[in-house]
Amino acid sequence: MATFLYRIGRWAFRRRRLVGGLWLGALVLAVAAAALAPAGEEEDLSMPGTESQQAFDLLDERFPESNSQGAEARLVFRAPDGQRMTAQRNRAAVEDTLGSVDGGGQVASASDPYETGAVSEDGTIAYSTVTYTADAVDLTGPTKSALESAADRARDAGLTVEIGGSALDSEEEPGGTTEIVGVAVAAVVLVLALGSLVAAGLSLLTAVVGVAIAFGLVSALAAPLGLTSTVAILALMLGLAVGIDYALFITSRFRDERARGSDPEEAAGRAVGTAGSAVVFAGATVFIALVGLGVVGIPELTKMGLGGAGAVALAVLVALTLVPALFGFFGRRVLSRAVRRADGPGSERVHRVAPAAGRPGIGTRWARFVLRRPGAVLLTAVLGLGAVAVPALSLELGLPGDESKSVETTERRAYDLLSEGFGPGFNGPLTVVVDTSEATDARAATDLVVRTVRGVDGVASVGDPVLSRTKDTAVLTAVPRTAPNSGETKDLVQAIRDTVSGVEADTGATVLVTGTTALNIDISEAMSDALLPYLAVVIGLAVLLLMVVFRSLLVPVKAALGFLLSVGAAFGVLVAVFQWGWAADLLGIEQTGPVMSLMPILIIGIVFGLAMDYEVFLLTRMREAYVHGASPGDAIVSGFRHSGRVVAAAAIIMISVFGGFVGMSSPTVQTMGVGLAAAVAFDAFVVRMAIAPAVLALLGHRAWWLPRILNRVLPNVDIEGEALSGHAPAATTGPGAAVPHLPVGRR
């Protein structure tokens, strides 16, 4: 592989105008496709094969008229203190409000709370449901303005009015202040790490090109493939983070090769052949982990995984081709200012950098410290991560709704008003679907289900059954006494399902329980069942991949175990921040509650791939030194001397990019930002830079041992670039002479 990538690097350097033109054309096409494509719709979560999803599918089949309904808004009214909503003046204000909601011609209906009985028992709160002919993303500006203006009319009349429902939903748009701050921090770190504005700008430019193409493609395919804004944001988040890192590693290696005496084209080839090999395998682990999310069976999670995997694949291609092409465009300006000043203005001379005299760098000093005390470092790091992971034992999962939004939003205030007026369970009703197509007596079966559900402890009320046109399906709405995300409500769902099983046996009817709470339970159970198979597949494939890369049995196993420590600590942070509220104000998280059900497996998938990134980049230099004759301890020091600073910079960049998304209003994106930033911090600075060298120091030569049978079976991908020793650098004489490769040592 090293030879193949070496040729790609040299070709891209020579054909830089062609490569740059092709990527520019791809960027223009992706942006144009995104601009011309219709907007995608925000789809609800689905979980094929579960009882709740079967109920939704049955409703779509038996109640086709419900499929034509669009967005929905709920106007919640509260009477002034000491008054009731039934007062004549307040009734007139409500009627006036409902008469003015249709300003864009998209309103299908607006229910009258006095006719539907949507008034609280004490008469202080009422609500009206407004349905539209279009989905939320297709509602026009005049339509939304009319809804807000109608609410203002009621407020002017003295009523308290809040708006909830899907009509206010909007796609999350990236580009906020915190994302800009994250990118700015990444730029500063790049400048400090590389010592060159041009080199830093090159890494940012290539990352932006790759992520812009990925974001454009996701946006263009949103409508035909049903991709949501969360898929696009995840692709942006991952593409930007890994794109900067991959460009940084190849740029750093290019500068090393130039310092060793290679001419620019040769240095570009060697950088892509060596660091590029690490990029390919690091990207492959991320790709495998993200694509593996499809085994869970949640369509939205599968789309998120594929979107992120596509962004990572693009980042790898950009790093292997556009980065070396830009080396040709920028020339010596990619080198640090100190090197350019030493060579003189306009000079293309290269020289071998002599080892720096005096105090060694921080990476070397840290590696030697770990080598002196490997047991103490290992014990401290493991116990520290274990302590951070303790809150994860209290992890609660749920689906975020209006209750998770800030109290500053009208949706959250509408949620609170409805809970106050109609009970905490009103915002999370359960839907009981009765399929009587096989029942001996459809009416008797439906009545028995109604009586049975009403008799279940914890049910506040059960509405009258609504029949389908063919009279073979009935729908009941059961309101719990407790809040949607409470443990009591989850127990209630299971109690109803257990109770109605007897009705099914007696009548021949099929009874299904669905709704947001039921779907949440089913999704949580399904993900719990899929977690171990997912981990087995992803970790198994990644361990095999790392075994091929490092020609070692214990190094990949150590990498997988270290990942479990870092992801456990990340879950501990999520619980502490999102459930317990620790540092929530500091991070701008205004409402605490259960962690979104999708987060554990999503973060596991993403973090595993990213964790292997740092494993590959750091240990590649250690492996390279070891196979060229260095002792295990010297190989560790060599790895930190060459890659420690770059890996640390790459981790800070990735933390900054992920942390920049915490400021977005979407709970899903906020949770991903906090979880991924914490996981990368733990994995890069604790697992890879403390636990990994400590374990390698304790194992010694055994760390790089591979059974003979595996040594014969596994392909040799030559990630160390041994095959490149036959490609002599152009600069071979004088002070610019290249450093010859050492003979290959032990295998």
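Analyst: Strands β1 and β3 run antiparallel and are joined by 7 bridges. Strands here are DSSP E runs of at least two residues, helices are H or I runs of at least four, and both are numbered from the N terminus. Two strands count as paired if DSSP finds at least two bridges between them. The model is predicted, so local features need pLDDT of at least 70 and side-chain atom pairs count only at pLDDT 80 or more, while totals for chains, interfaces and linings use all residues. Residues are numbered from 1 along each chain as its sequence is written, and side-chain values use heavy atoms, with hydrogens and water left out.

Strand β3 spans residues 125–132. Its isoleucine 125 is the bridge partner of arginine 78. Strand β2 (residues 107–110) also pairs with β3, over 3 bridges in the antiparallel sense. There, serine 109 has threonine 131 of β3 as its bridge partner.

How much of β3 is buried? The strand is mostly covered, with 8 of its 8 residues buried. Buried means under 20% relative accessible area, exposed means over 50%, and partly exposed lies in between (1.4 Å probe, protein chains only). In a regular strand, side chains alternate between the two faces of the sheet. On one side of β3 sit Ile125, Tyr127, Thr129 and Thr131, and on the other Ala126, Ser128, Val130 and Tyr132. Both faces are covered.

Back to arginine 78. A salt bridge needs a side-chain nitrogen of Lys or Arg within 4 Å of a carboxyl oxygen of Asp or Glu. Arginine 78 counts as partly exposed, because its relative accessibility is 28%. Glutamate 420 is partly exposed too, at 49%.

The structure holds 22 salt bridges. Another joins arginine 270 and glutamate 266, at 2.8 Å from N to O. Both lie in helix α11 (residues 264–291), and because they are 4 residues apart, about one helical turn separates them. Arginine 270 is buried at 5% relative accessibility, and glutamate 266 is buried at 2%.

Glutamate 624 and arginine 621 also form a salt bridge, with the closest N and O atoms 4.0 Å apart. They are 3 residues apart in helix α22, so about one helical turn lies between them. Glutamate 624 is buried at 11% relative accessible area. Arginine 621 is buried at 12%. Bridges with shared partners join Arg253, Asp256, Glu257, Arg260, Arg621 and Glu624 into one network.

Next, the nonpolar packing. A nonpolar core is a set of buried Ala, Val, Leu, Ile, Met, Phe, Trp, Tyr and Cys residues joined through side-chain atoms within 4.5 Å. The largest has 171 residues, and Tyr246, Ile250, Phe563 and Phe658 have the most contacts inside it. Helix α22 (residues 599–627) gives the most to this core, with 19 residues. Another core lies apart from it, with 26 residues, including Val94, Leu139, Ala154 and Ile163.

Which residues does isoleucine 250 touch? Leaving out residues up to four places away in sequence, isoleucine 250 touches Ala271, Val272, Ala275, Gly276, Val279, Ala319, Leu320, Val323 and Phe327. Contact means heavy atoms within 4.5 Å.

Alanine 367, in helix α14 (residues 362–372), is buried, with a relative accessible area of 0%. Beyond neighbours within four places in sequence, alanine 367 is in contact with Ile636, Val637 and Phe640. Alanine 367 and glycine 644 are 277 residues apart in sequence, yet 9.1 Å apart in space, C-alpha to C-alpha.

Finally, two backbone angles. Lysine 471 has a positive phi, near 60°, without being glycine. The residue sits in the loop between β8 (466–467) and β9 (473–480), and lysine 471 is exposed at 54% relative accessible area. Arginine 551, also not a glycine, has phi near 50°. Its loop runs between α19 (516–550) and α20 (554–579). Arginine 551 is buried, with a relative accessible area of 7%.
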